[in-house]
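Student: I'd like to learn how to read a structure like this one. Could you walk me through it?

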Amino acid sequence: MTLLAVERIKLFSTRSPYWCSALALVLGVGLTAIIAASTDDGQLSIGVTQFGSSQLALSVVLVMAALAVTTEYRFSTIRATFLAVPNRTSALVAKTVVVAFIAGVLGEIIAFGSWGVAKLLSPASDLAINTGGEWRHVAGIGLLYGIGAVLAIAVGILVRQTAGAVAILLVWNMLLEGLIGIIPKVGTKIQAWLPFQNANNFLALPAGSDPGEGMAAGIDFKLSQWGSLAYFAGIAVALLVVALIVAKRRDA
Amino acid sequence: MIEAVRLRKHYGRTKAVDDLSFTVRPGRVTGFLGPNGAGKSTTMRMILGLDTPTGGDVKIDGKHYTEFKEPLRKVGALLDAKWVHPNRSARAHLKWLAVSNKIPASRVAEVLEIVGLSEVAHKNAGGFSLGMSQRLGIAGALLGDPEVLLFDEPVNGLDPEGIVWIRQFMHRLAGEGRTVFVSSHLLSEMAQTAQDLIVIGKGQLISQTTTEQFISDATKDHVRVRSPHAVKLREILAADATITEDAVDGALVVHGIPAEQIGEIAAEHQIVLHELSPQRGSLEEAFMQLTKESVEYHAH
């Protein structure tokens, strides 16, 4: 608990988490607002309300989580941290827990904020959250952000510099996994096992029920939707374990 | 007490610290002296568990730094005053340090008062001058009221007033029975601060002694002699003295025989002298002489 308090103080005594949270909120909810405003009233579906949160704002959250650790390396406060807490694994795990928790809460705020804005701007649309799939599609954003944050922190610990970590995370999330689908024949087969594709699969609404939801189109996932989430989480945790081992062995 | 035994740190072929053994005693200020790149900071990082030694061992009161549960209560360190997030206030910086080692929050205000930063505690550390940053670093080191204190080049970039302040401060800490280990590349500074000296060059121990002893050894008088018959004179004097040659003008530098006696010997052998001047050794010169072999980068 002590270490969680330490990481909380550290995180909230600098400005970057506030800026990143605000930016994620504006981008996530803002995109939904624009879509809602330019769609004819009554035509909006739940699947459309989460474009901003599941794609755009996710990237900002990944950057925020990576920054939480790369700035420590940038300003060498990681050394001050390791002097105060020589057990590096506990110190870094505490940081991961705090950042992932904040990312999760932020995810719920953005997801339901987007949904609320859509409802406000398009009152005639059927946006009621009835089915389990619909709940998962909206409330699942928080889980996605929390796990994404773990993954981003792992990358941050391994790379140690902001520019590198941010570039890796953004290219990986926004470009690489999508581009692999272009490879003939095997592309979509590989995609079925890529972490962010599985994250999208977790969010996907049941086929046919929502034509607006086409993000995981063409990929034949071998896992159930919750299985996909567990797979995404497994990869994030595995990467974190590698990062913790490296951090422990490396000179600070 | 800090004890290093055959400590080594190699980066590939570079031997940053090589077979270094020394002891730092409590109740005294011990200076850690060596030219830049001698391995002082690397040694301090190994003492504090930040870097893993390639070989050997270093312990604080019989334990590795990483074995202390609340290390800030045992060891306070200022390795680099810039290890602070620039957008975090001085108070917030000390607060998280205090919380991490279960140090009461009231102590934060205390140490800010001690180093004279109470007025600017709410300001972001990024806007601090180097002197203020050093003071904040010292506040962090004092936070846990530790028995052992390490300072790496604490006077670097400080104004004379700050230097005097730090010097007196370290004496007071040692007077309270604490172990104070402070590094510097300036012998003149260490001569006024430290009671004991550990001198290293190229990662190896050159000497461990009291400062008093080091200075009296280092500043022995010598005599400069120039003569057209230098070779002959040298042969005669060599029996009773160590003689080196000044690299600039080829004058003989004689240790161990006073100027008067050299004059008499020269007269006895009918040797003409062009110069016979007693010299008082300077501390800085002696240090440079001592570490000349081990300075990593020479100016040419």
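**Reading the model, step by step**

Tutor: Buried means under 20% relative accessible area, exposed over 50%, and partly exposed in between (1.4 Å probe, protein chains only). Before we go on, this is a predicted model, where local features need pLDDT of at least 70, side-chain atom pairs count only at pLDDT 80 or more, and totals for chains, interfaces and linings use all residues. Residues are numbered from 1 along each chain as its sequence is written, chains are lettered from A and ligands numbered from 1 in the order in which they are written, and side-chain values use heavy atoms, with hydrogens and water left out.

Student: Where is Gln197(A) found, and what does Gln197(A) touch?

Tutor: Helix H10 of chain A, residues 195-203, holds Gln197(A). Helices (H or I, at least four residues) and strands (E, at least two) are DSSP runs, numbered from the N terminus. Contact means heavy atoms within 4.5 Å. Not counting residues up to four places away in sequence, Gln197(A) touches Glu177(A), Gly178(A), Gln191(A), Ile219(A) and Phe221(A).

Student: How do I read a whole helix, say H5(A): which of its residues are buried?

Tutor: Here's the general idea: an α-helix has 3.6 residues a turn, so residues three or four places apart point the same way. In H5(A), the buried ones are Thr77(A), Ile78(A), Ala80(A), Thr81(A), Phe82(A), Leu83(A) and Ala84(A). That makes seven of the eight residues in 77-84, so the helix is largely enclosed by the rest of the structure. Its cover includes helices H1 (2-12), H4 (51-74) and H6 (88-121) of chain A, together with helix H2 (90-100) of chain B.

Student: And strands? Which way do the residues of S7(B) point?

Tutor: In a regular strand the side chains alternate between the two faces of the sheet. From S7(B), Thr179(B), Phe181(B) and Ser183(B) point one way, while Val180(B), Val182(B) and Ser184(B) point the other way, and all are buried. With six of the six residues of this strand (179-184) buried, it is largely enclosed by the rest of the structure.

Student: Which strands are joined to S7(B)?

Tutor: Two strands pair if DSSP finds at least two bridges between them. Strand S3 (residues 29-33) of chain B runs parallel to S7(B), joined by five bridges, and Leu33(B) stands opposite Ser184(B). Strand S6 (residues 148-152) of chain B is parallel to S7(B) as well, also with five bridges, and there Val148(B) stands opposite Thr179(B).

Student: Now the two chains: how many residues does the contact take from each?

Tutor: Chain B gives 29 residues and chain A gives 25. The size of an interface is often given as the accessible area lost when the parts come together. Here the buried area (accessible area, 1.4 Å probe, that two parts lose on being put together, summed over both) is about 2300 Å², with carbon and sulfur atoms giving 65%. On the chain B side, Leu50(B), Trp83(B) and Trp96(B) lose the most area to chain A, together 32% of what that side buries.

Student: How many salt bridges does the rule find across the interface?

Tutor: A salt bridge is a side-chain nitrogen of Lys or Arg within 4 Å of a carboxyl oxygen of Asp or Glu. The rule finds one across this interface. A salt bridge joins the side chains of Lys9(B) and Asp251(A), at 2.7 Å from N to O.
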